[in-house]
Amino acid sequence: MGSVALLFAAVALSSCKKMYDIPDEKDYLSSNVNYSNKVFEPILGRTTLMGGFNGDNSTQPLKFEIINARFGDGKPVTDLFQKRPTYVWTAPYNGLEKSLAEIEAKRKLEDHPLFEVRSSGEFIMWASSNNELIKPRPSDSTNFPQDTRYFDIKITNTGGSTIIRDLQVRPFRERPYEPSDDFNIYSGLPAPHPKTPYNPASRNYIRPFLNGVIGQVTDIPLQSNDDKKDVVVYIRPFTGGTGNSLRFKFLNKDSVEMNPALFNETTWDKIVHGFNMQKTTTYVQYDVAYPIPLVEIPTVYAPGGTRDHAEFKYSRIGFGGSRVVASFGIDFAIYKKGDWEIVFHFLKDNPKFEDE
């Protein structure tokens, strides 16, 4: 009897469900979804994440779709959506990798549009973008070297859809390294050589940090600032590398290469996350993976996460017989694969290495 009653109850409940079918609850899509920032200005040649989406408690997941991409004159935008191979990490980079092969095993090339929206609502400009694929506007005295691209973003869940209109992408031309003070972001050309008369209208030159570096002739600390440039830095390509090389060089006031062995307190294996170090009488070179830093996280090579910290040190006996350690260097980033050299040029006086 009990079994019959249970069966009857089950049939009755099933019948009730069919008679009074309750519709599935729809997702909530707020009418106030928006972006706190609607103008994005990525630098071409770098992987850049841009966000600011506010879902206002809308039900996740949301679907994002870029629509109606156009220039200011209404012409359709297509250049942003070209697909190119770009590196995607498949395992975490931590700065402890022991070889280039170990680094490369943690990432792979995938085809992605140069500019796309992620499932989080973040936008990404991939490092595969460059000045040739996305043409900058010709430079003049009043305009940034970029074309403004407008687009709308369609946001959807089962509760409906909404469109946020008139977001902008205004990409800056490539700057393959930072600091880029010797690179004019408007013309794309390098600034004049630092030994030419200082031109206040030109951009500043790359300047290193200096700690206790005494001039050989002047016997006073060397400086590198807006007013005085005793030492400057060049970041430039060189020929004859492996295609994945980074070289450090040092020039004296006569533009003669200095022996890196002079910087006798330098921890050479902590200068950059590189391998197969070659130390010669004129430079120190590493095999590296680009970009530098590979990922914007703190490591022993990039304590701040965003730039590599290269510091060169030497010691001598100062007054009173105490050993004095002097140092100089640069915090830098290089975004473009190739053979690059970072050159420290002592323009007016050489460092003093002699004991007192």
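## Thr86 and its surroundings

Thr86 touches Lys108, Leu109, Glu110, His112, Trp126, Ala127 and Ser128, leaving aside residues up to four places away in sequence. Contact here means heavy atoms within 4.5 Å. Thr86 sits in strand E6, residues 83–89. Strands (E, at least two residues) and helices (H or I, at least four) are DSSP runs, numbered from the N terminus.

Is Thr86 buried or exposed? Thr86 counts as buried because its relative accessibility is 4%. Buried means under 20% relative accessible area, exposed means over 50%, and partly exposed lies in between, using a 1.4 Å probe and protein chains only.

## About the model

This is a predicted model: local features need pLDDT of at least 70, side-chain atom pairs count only at pLDDT 80 or more, and totals for chains, interfaces and linings use all residues. Residues are numbered from 1 along each chain as its sequence is written, and side-chain values use heavy atoms, with hydrogens and water left out.

Two strands pair if DSSP finds at least two bridges between them.

At one end, E16 pairs with E17 (residues 284–287) in the antiparallel sense, over three bridges. There, Phe275 stands opposite Asp287 in E17.

Strand E20 covers residues 339–346. How many of its eight residues are buried? Eight of the eight are, and the strand is mostly covered. Both faces are covered. Asp339, Glu341, Val343 and His345 are buried on one side, and Trp340, Ile342, Phe344 and Phe346 are buried on the other.

E20 pairs with E14 (residues 231–237) in the antiparallel sense, over seven bridges. Tyr234 has Val343 in E20 as its bridge partner. E20 also pairs with E15 (residues 245–251), here in the parallel sense and over seven bridges. The bridge partner of Leu251 in E20 is His345.

## Salt bridges

The whole structure holds 20 salt bridges. A salt bridge is a side-chain nitrogen of Lys or Arg within 4 Å of a carboxyl oxygen of Asp or Glu. One joins the side chains of Glu41 and Arg170, at 2.8 Å from N to O. Glu41 lies in the loop between E2 (39–40) and E3 (48–50), and Arg170 in the loop between E11 (160–169) and E12 (177–178), so the pair ties together parts 129 residues apart in sequence. Glu41 is partly exposed at 34% relative accessible area. Arg170 is partly exposed too, at 24%.

Arg165 forms a salt bridge with Asp152, with the closest N and O atoms 3.7 Å apart. Arg165 lies in E11 and Asp152 in E10 (residues 149–157), so this pair ties together parts 13 residues apart in sequence. Asp152 is buried, at 2% relative accessible area. Glu341 forms a salt bridge with Lys249, the closest N and O atoms being 4.0 Å apart. This pair links E20 to E15, across 92 residues. Both Glu341 and Lys249 are buried. Elsewhere, salt bridges with shared partners join Arg46, Arg175, Glu178 and Arg307 into one network.
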